[in-house]
Amino acid sequence: MRSLPWPLPSVVAGSFRTALVKAGSGDFSGDIPGKLREILVSGVFPVHDGKMYLPAPSDVVAQPHE
């Protein structure tokens, strides 16, 4: 047995779409699955306005340069 070197695109897309539903209503019924399939997912890193989006953690403390 061996593991894959990186998650497959289908795994990333499915995990992202599932997380969206669980963060909201948690309801997968009705037209929700169809709407989820319309969300395009490409790659594992979030992108916003064409740039990689990696927000700073909320517990980061910035120190001024001296």
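Is V41 buried, partly exposed or exposed? Let's start there. V41 comes out as partly exposed, because its relative accessible area is 27%, and the buried class needs a value under 20%. One thing to keep in mind as I go: this is a predicted model.

So where does V41 sit? You'll find V41 in the loop between α2 and β1. If you click on S15 as well, you're looking at two residues that are 26 apart along the chain, with their C-alpha atoms separated by 10 Å.

V41 also takes us to the pocket. The largest pocket holds about 210 Å³ of space, and V41 is one of the residues lining that pocket. On the lining list you also get V12 and F16, then L40, and then S42, G43, V44, F45, P46 and V47. What classes of residue make up that lining? Eight are nonpolar, two are polar, and there are no charged residues.

V44 is in the loop that runs between α2, residues 32–37, and β1, residues 47–48. V44 lines the largest pocket, and V44 also belongs to a nonpolar surface patch.

Now the patch itself. The patch covers about 540 Å², and its members are W6, V44, F45, M52 and L54.

W6 comes from another part of the chain: the segment before α1, which is residues 9–23. W6 is classed as exposed because its relative accessible area is 51%, and the exposed class starts over 50%. Between W6 and P55 there are 49 residues of sequence separation, and the C-alpha to C-alpha distance is 22 Å.

While we're in that segment before α1, P5 is there as well. P5 is exposed, with 77% relative accessible area. Compare P5 with S29 on screen: they're 24 residues apart along the chain, and 34 Å separates their C-alpha atoms.

Moving into helix α1, I picked out A19. A19 has 43% relative accessibility, so A19 counts as partly exposed. From A19 to Y53 the C-alpha distance is 18 Å, for a sequence separation of 34 residues.

Last topic, charges. As a reminder, side chains of opposite charge can pair when their charged atoms come close. How many salt bridges does the count come to here? One. The partners are D31 and K35, and their closest N and O atoms are 3.4 Å apart. That pair makes the count because the cut-off is within 4 Å.

Technical notes. Residues numbered from 1 in each chain as written. Predicted model: local features only at pLDDT ≥ 70, side-chain atom pairs only at ≥ 80, totals over all residues. Heavy atoms only, no water. Patch = residues over 30% accessible without salt bridge, like charges linked within 9 Å, V, L, I, M, F, W, Y side chains within 5 Å. Areas by Shrake-Rupley, 256 points an atom, 1.4 Å probe, with all protein chains shown as cover. Salt bridge = Lys/Arg side-chain N within 4 Å of Asp/Glu carboxyl O. Helix = DSSP H or I, 4+ residues; strand = E, 2+ residues; numbered from the N terminus. 1 Å grid on protein atoms, 1.4 Å probe; cavity = no way out; pocket = protein on both sides within 12 Å on 5 of 7 lines; lining within 4 Å. Points joined across faces, edges and corners; volume = space filled by probe spheres on them. Nonpolar A, V, L, I, M, F, W, Y, C, P; charged D, E, K, R; others polar. Buried < 20%, exposed > 50% of the residue type's maximum accessible area, 1.4 Å probe, protein only.
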